[in-house]
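Here is a short report for a first look at this structure. It begins with one residue and widens from there.

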Amino acid sequence: MTSAADLSPSYDLVVIGGGPAGLAAASLAARVGLSTVLFDENPGVGGQIYRGITSTPIKNGTVLGEEYWAGGALASEAKVSGAAIVTGATVWTLDPSLAVGVSIAGKARLIQARRVIIATGALERPFPIPGWTLPGVMTAGAAQTTLKAQGLVPDGRTVLAGCGPLLWLLAAQLLRAGVKIEAMLDTASRRNWLRALPHLPDFLLSPYWRKGLALLREVKAKVPVIAVDRLSAAGDGKLKEVVYGTGGTEHRLAADLLLLHHGVVPNVNLANATGAAHRWNERQLCFEPVLDDDFTSSVPGIAVAGDGAGIAGGTAAAERGRIAAIAAVRALKPEASVPDPQVVRQKLAREEMGRAFLDILYRPADSFRRPEGDTVVCRCEEVTARQVRAMADTGCEGPNQMKAFLRSGMGPCQGRLCGLTVTELIAEQRGLSPAEVGYYRLRPPVKPITLAELASLPIGEAERKAVER
Amino acid sequence: MFKRLHDTATVTITVDGQPVRARIGDTVAAALLAAGIDHCRTTPVTGAPRAPYCLMGVCFDCLVTIDGVGNRQGCLVPVREGMAVATQIGKREAGR
């Protein structure tokens, strides 16, 4: 394991995040001789899609599926590439001068980079329903994480709810692992089909439609799939029942575990904190960084690759990482031989084909993105939809002012689980678009760091002089 | 709420002083779920119980005290033999 003291003071390329984009970028850059370090805060590389790829106890290849095992090649490539791969390393700041603050096992360092590739990926879209803070309610991604990394699967009455490709994949993986699923509550609006239809030809050309269709069949053969337009979790101190309905009907289903999923959105916290420009993506209903063809952000020297650049999936993420790395190599070591970026771009275009169809088909309904009443919006500070809406009505103009009024977004998660909801609620109340309302302005440290960690930063002559009398 | 598909080597940690068997490869949050511990903290505002929610380092609901350091993200810290985990009481109680 690499400790903070083992790090060089500077690197040609710092890659943040060890999922497909980060692994592909670090491998490519290190192989042609850029001094490269990759930081990932998890105990192992792989990101979420290839979580536990070097250590999973799941040996039966069919449970997780062949797409998962494809991640093994990326991890081994990175291992032999010459890049320093540092896990358990939390990046808590990155500034426009390309100084990277990282903390490893309680010790912090500031590393100077010549180029940075942010590959912090995606997180699950907030799914604010009544009761979503109860123990026993988790994200679908969480159940997939314990399956991949620990071989730990739901036990007891398990209900899946929401929509999106990952929900179907998780259902299939759990079934293959022998888990019983009581029901799949499908929130996808029937009307989405009509809107998605014009994009069907592109989707049929993508590699995903056969696999997708097979997954749907596999799950529907074993699990009752129920269309719902209302959903809540009920219980006192922990989940007891999932309450759902369509139209005027209401049903209650006893459950021990409810797994929620409404697609994934870019994890923008680090990129946003560097000051990089972001924009609203109306099709994917999220903010994403403004990037050029090489995935370089508005901050010179900082690129954002992978799903953090906009959702396109794991295979596309690796190609995006390669394109960003090629740009870094061309800037820092123009004589090095790199793959033709046009060829990589063509592969990427093929991977991205069909995304529009999925985005529209699995667009979460307005009622699931813009909650009402006492539904908690900000989990950390326990701020409700009613409070956010009322504050917007009294003239609160945006999410940053909302922080001052209600503390939404000011808890430990730093808006990751409420940011999009707060933006959409303000937009709805004020009759504006989410683009006009904007997002939280995030500031470092983007992950919590103790005073002891800050105090462990090496002290140089300049720091000593600054406090001398 | 969760069960294991495989047997792997075990380590023993303590949770609020009680010994809990965990497996090598577990994070603290995974070990708590596997042990059936139904919540790991209470919130600072209403004192409501919370359990791990995202397991990928973004929700901060799995905050616990690990070896005396508070507010650690349990889903990012691998278990180690003898590790002392304590659940957190978030809400300030006057006079305590």
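Leaving aside residues up to four places away in sequence, A:T90 touches A:E41, A:V102, A:S103 and A:K447. Two residues are in contact if their C-beta atoms, placed from the backbone, lie within 7 Å. A:K447 sits 357 residues from A:T90 along the chain, yet their C-alpha atoms are separated by 7.4 Å. A:T90 belongs to strand 4 (residues 89-94) of chain A. Helices (H or I, at least four residues) and strands (E, at least two) are DSSP runs, numbered from the N terminus. A:T90 counts as buried because it has 23 C-beta neighbours inside 10 Å. The cut-offs are 20 or more other C-beta atoms within 10 Å for buried, 12 or fewer for exposed, and partly exposed in between, with C-beta atoms placed from the backbone.

This is a predicted model, in which local features need pLDDT of at least 70, side-chain atom pairs count only at pLDDT 80 or more, and totals for chains, interfaces and linings use all residues. Residues are numbered from 1 along each chain as its sequence is written, while chains are lettered from A and ligands numbered from 1 in the order in which they are written.

Now chain A as a whole. Chain A has 20 helices and 22 strands. Of its 469 residues, 53% are buried. Among contacts in chain A with a separation of 6 or more, 70% join residues 24 or more positions apart. The C-alpha trace spans about 70 × 55 × 40 Å along its principal axes.

An automatic or database assignment sets the domain bounds.

| Domain of chain A | Residues |
|---|---|
| Domain 1 | 10-123 + 265-338 |
| Domain 2 | 126-262 + 357-361 |
| Domain 3 | 370-437 |

The C-alpha centres of domain 1 and domain 2 of chain A lie 29 Å apart. Across their boundary, 12 residues of domain 1 are in contact with 10 residues of domain 2.

In total, 41 residues of chain A are in contact with 38 residues of chain B.

Strand 9 of chain A also pairs with strand 1 (residues 2-4) of chain B, in the antiparallel sense, over three bridges. Pairing requires at least two DSSP bridges between two strands. Here A:L152 stands opposite B:R4.
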